[in-house]
Amino acid sequence: QVQLVESGGGLVQAGGSLRLSCAASGRTFSSYFMGWFRQAPGKEREFVAAIRWSSGITYYADYADSVKGRFTISRDNAKNTVYLQMNRLNSEDTAVYYCAAGGSWPPTEYWGQGTQVTVSS
């Protein structure tokens, strides 16, 4: 049974940092895309970042308030864990952040339960 368990969310002041973790288990993810999505209140769930587990190639959202340059996705093969380092957080980053995995793009085959990130201004 595939499990994606997120941790690391919480309350942070604007300008601060958080690191989210996603512990993956239940299958071999070596050929998978691992991703982070987020959903703010009243908004659609949106893609944030992803990483191809085997190659380490990373992908980032490219929308107006871009996370590229502030967020970094990485993985630790030994721990079967994917991370999302988030820096210079602002109130627009407030959302529930979900870890996801998939054998093809977009990585939406499996989902974690989500972790709340709240940025206070």
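Okay, let's start with a question: which loop does P106 lie in? P106 is in the loop between β9 and β10, and β10 covers residues 110-111. Keep in mind that what we have on the screen is a predicted model.

So what's going on at P106? The peptide bond from W105 to P106 is cis, and its omega is near -5°. If you're new to this, here's the background: most peptide bonds are trans, and most residues other than glycine have a negative phi.

That second part brings me to two more residues. N80 isn't a glycine, yet its phi is positive, near 50°. Is N80 buried, exposed or partly exposed? With a relative accessible area of 23%, N80 counts as partly exposed, because buried would need a value under 20%.

Now go along to the loop between β8 and β9, and you'll find R88 there. R88 isn't a glycine either, and its phi is also positive, at about 50°.

Okay, on to the strands. As a reminder, strands of a sheet pair through backbone hydrogen bonds, either parallel or antiparallel. Here we've got an open sheet of four strands, in the order β1-β3-β8-β7, with antiparallel pairing. At the edges sit β1, which is residues 3-7, and β7, and each of them pairs on one side only. If you ignore direction, neighbouring strands in this sheet are turned by 15° against each other on average.

Let's zoom in on β1. Which strand residue faces E6 across the pairing? That's C22, over in β3. Likewise, S7 stands opposite S21 in β3. In total, β1 and β3 pair over five bridges, in the antiparallel sense. And β1 has two faces: L4 and E6 are on the covered one, while Q3, V5 and S7 are on the uncovered one.

Last topic, the inside. In soluble globular proteins, nonpolar side chains tend to be buried together. In our model, the largest nonpolar core has 34 residues. Which residues have the most contacts inside this core? Those are M34, W36, L84, M86 and Y97. Several strands supply at least two core residues each, including β3 (18-25), β4 (33-39), β8 (81-86) and β9 (95-102).

Definitions and conventions
Residues are numbered from 1 along each chain as its sequence is written. This is a predicted model: local features need pLDDT of at least 70, side-chain atom pairs count only at pLDDT 80 or more; totals for chains, interfaces and linings use all residues. Side-chain values use heavy atoms; hydrogens and water are left out. A nonpolar core is a set of buried Ala, Val, Leu, Ile, Met, Phe, Trp, Tyr and Cys residues joined through side-chain atoms within 4.5 Å. Buried means under 20% relative accessible area, exposed over 50%, partly exposed in between (1.4 Å probe, protein chains only). Two strands pair if DSSP finds at least two bridges between them. Axes are lines fitted to C-alpha atoms, for helices over the stretch in contact, and angles run from 0 to 180 degrees between N-to-C directions.
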